[in-house]
Amino acid sequence: MCGPIRGLLLALVVEFGTVVAFVSIPRLTWELGEVELMQFHEPGISNYSELLLNKYQDILYVGAQEAIFALNALNISQKQLEVHWKASDETKADCIEKGRSKEKECFNYVRVLQHLTYDTLYVCGTNAFKPTCDYVNKKSFKFLWSEQDGRGKCPFNPSHTYTSVMVDGELYAGTTYNFLGSEFIISRTYFSSHLRTESDIPWLHEPNFVHADVIRKTPSGYKSDENKVYFFFNEVSVEYDFFFQLKIPRIARVCVDDQGGQKILQNKWTSFLKAKLLCSQPDLGLIFNILKDAFVLRHPRSKEPVIYALFTPQLNNVGLSAVCTYALSTVEAVFSRGKYLQKFCVDSYPKWVIYHGEVPTPRPGMCINSETRAANYNSSLDLPDKTLLFVRDHPLIEESVTPIGNRPILVTKDVNYTQIVVDRTRALDKNFYDVMFIGTARGTLHKAVQLEKGMHIIEETQLFRNSEPVQNLLLSSKKGSKFVYASSNSGVVQVPLAFCRKHSSCEECVLARDPYCIWSPFKAACVAFSEALNCTR
Ligand SMILES: *[C@@H]1O[C@H](CO)[C@@H](O)[C@H](O)[C@H]1NC(C)=O
Ligand SMILES: *[C@@H]1O[C@H](CO)[C@@H](O)[C@H](O)[C@H]1NC(C)=O
């Protein structure tokens, strides 16, 4: 255990001034007003935190402070519907009495905004420190007023991190669980049935939740045993001793089919396992251990999903950021074959070491699949006590999930990144390119693409008037109407994936290196690749 610790220490105190130059300067910069962006902002409403797309009806749902909006996804400046959702005077008074800020905290901040059914949204809000969930009819845009306790789905405190994903009508959430924000949970709720993380033996150590997504088993595509939900977060290290609180970026996963245990782990996950996400560049002494955001890129043409993750170092006074990518098969191999860490106490001080003993079967934390069924375990409720006790005490895998190529694909300096989405597109040369759209802490969007000669930041676009962090990014990948939607405290912006027409000559068009653009001799203009295809057909 001492080896890695010394390595980490060296890396964290490295002299950043001597580090080589990174790709940081975008080739082109669009100021506000130079390119056409659609915007949405409602007077008196702030904190546009949640974005949700209905791609069949071209509607963008937006959750803000005490309000939810339905916008035309093709032009978000057109508001279609809105509903206000205020904390009651009584709840507010309670919140203020408990010492919370009347101006900042004692409001209802929307934190969960998900499709429940074809015509119902499921929403949760902090509701002045009394988290509450409800249903909204998509047509009438009215609440069904069947309020539910939002505990375990939505934080009490609007400044606490949270994440959620809806899978087949069940809400998976990672959030704080109490008023003080000292308890944490990864939960699944479906009407009355609940599943959650164990808290007596903590499975989570002061986590900051970043992202969650489901990866499904599909008959034709990526083969996995079962559908799984992945959570991305940072937590305080338990496996390294350190002289300050060392944060570790984690990926955790649970199986969608998990029913909990019968006696042991009743109403708890039987499939919760977590591992460290590694993102470092050892030759430069750089360790990126704070996860900022993650994005799962799925594409019909690739054999498995790829996870894009955005990082910074823990001590980051110069604004270093990195993007690492992970193959889902690497993640799966760590969970299905990795060694477990075991806690034991030295002088009543906990230490985590590799477990070398015998591991029960079925393997603790695995999903119910054909293999377990063959052994007559048809549901997690059937799992033997030995397996359940083991997974309860060993939630952490020793192996780290290593990135594709063993290093970041992008390292930048002097810019703090906040959010990432990725689009895979086919260019003129028939190759596929992964185009990264990365939001910054100063309200801009970077567009980066991997070309033969390495990573290029081809564009920076100013999104917001003020220098404020991009809080959320959403990619609409619908054919013919692809956009990135970005939100901040002050509003929402709709950005086309490329500004081809801004490149006025053939030379500029080519130099832009934008895989979405192509020079059309017929039109004597730089046009979108898709548009050029249409006109030559
Ligand atoms: C809401 O937005 C304001 C700025 O308009 C910001 O100061 C505040 O921190 C935000 N609150 C939350 C909970 O995000
Ligand atoms: C990035 O964030 C860090 C920590 O918040 C801050 O100290 C630094 O000045 C920021 N850098 C830039 C370039 O904005």
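Residues are numbered from 1 along each chain as its sequence is written, while chains are lettered from A and ligands numbered from 1 in the order in which they are written. In this predicted model, local features need pLDDT of at least 70, side-chain atom pairs count only at pLDDT 80 or more, and totals for chains, interfaces and linings use all residues; side-chain values use heavy atoms, with hydrogens and water left out.

**The two ligands**

Let's start with ligand 1. Around it you will find N47, K104, Y109, R111, P158 and N489, where a residue is near a molecule if one of its heavy atoms lies within 4 Å of it. Sorted by class, this shell has two nonpolar, two polar and two charged residues. Here Ala, Val, Leu, Ile, Met, Phe, Trp, Tyr, Cys and Pro count as nonpolar, Asp, Glu, Lys and Arg as charged, and the others, Gly among them, as polar.

| Residue | Distance to an oxygen atom of ligand 1 |
|---|---|
| N47 | 2.6 Å |
| K104 | 3.0 Å |
| N489 | 3.5 Å |

On its own, ligand 1 has 360 Å² of accessible area, and the protein covers 58% of that. Such areas come from the Shrake-Rupley method with a 1.4 Å probe.

What surrounds ligand 2? Its neighbours are N316, N317, G319, D414, V415 and N416. The protein covers 42% of the 360 Å² of accessible area that ligand 2 has on its own. The shell of ligand 2 has one nonpolar, four polar and one charged residues.

**The two domains**

Now for the domains, whose bounds come from an automatic or database domain assignment. Domain 1 spans 85-196, and domain 2 is made of 200-218 + 225-302 + 327-407. Their C-alpha centres lie 26 Å apart. The contact (heavy atoms within 4.5 Å) takes 18 residues from domain 1 and 25 residues from domain 2.

Together the domains bury about 1,800 Å², 67% of it on carbon and sulfur atoms; buried area is the accessible area (1.4 Å probe) that two parts lose on being put together, summed over both. F184, I186 and L195 supply 34% of the area that domain 1 buries against domain 2, more than any other three residues.

How many salt bridges cross this interface? The rule finds one, with a salt bridge being a side-chain nitrogen of Lys or Arg within 4 Å of a carboxyl oxygen of Asp or Glu.

Technical notes:
A polar contact is a pair of N or O atoms within 3.5 Å; within protein, one must be able to donate a hydrogen and the other to accept it, and residues adjacent in sequence count only if both atoms are side-chain atoms.
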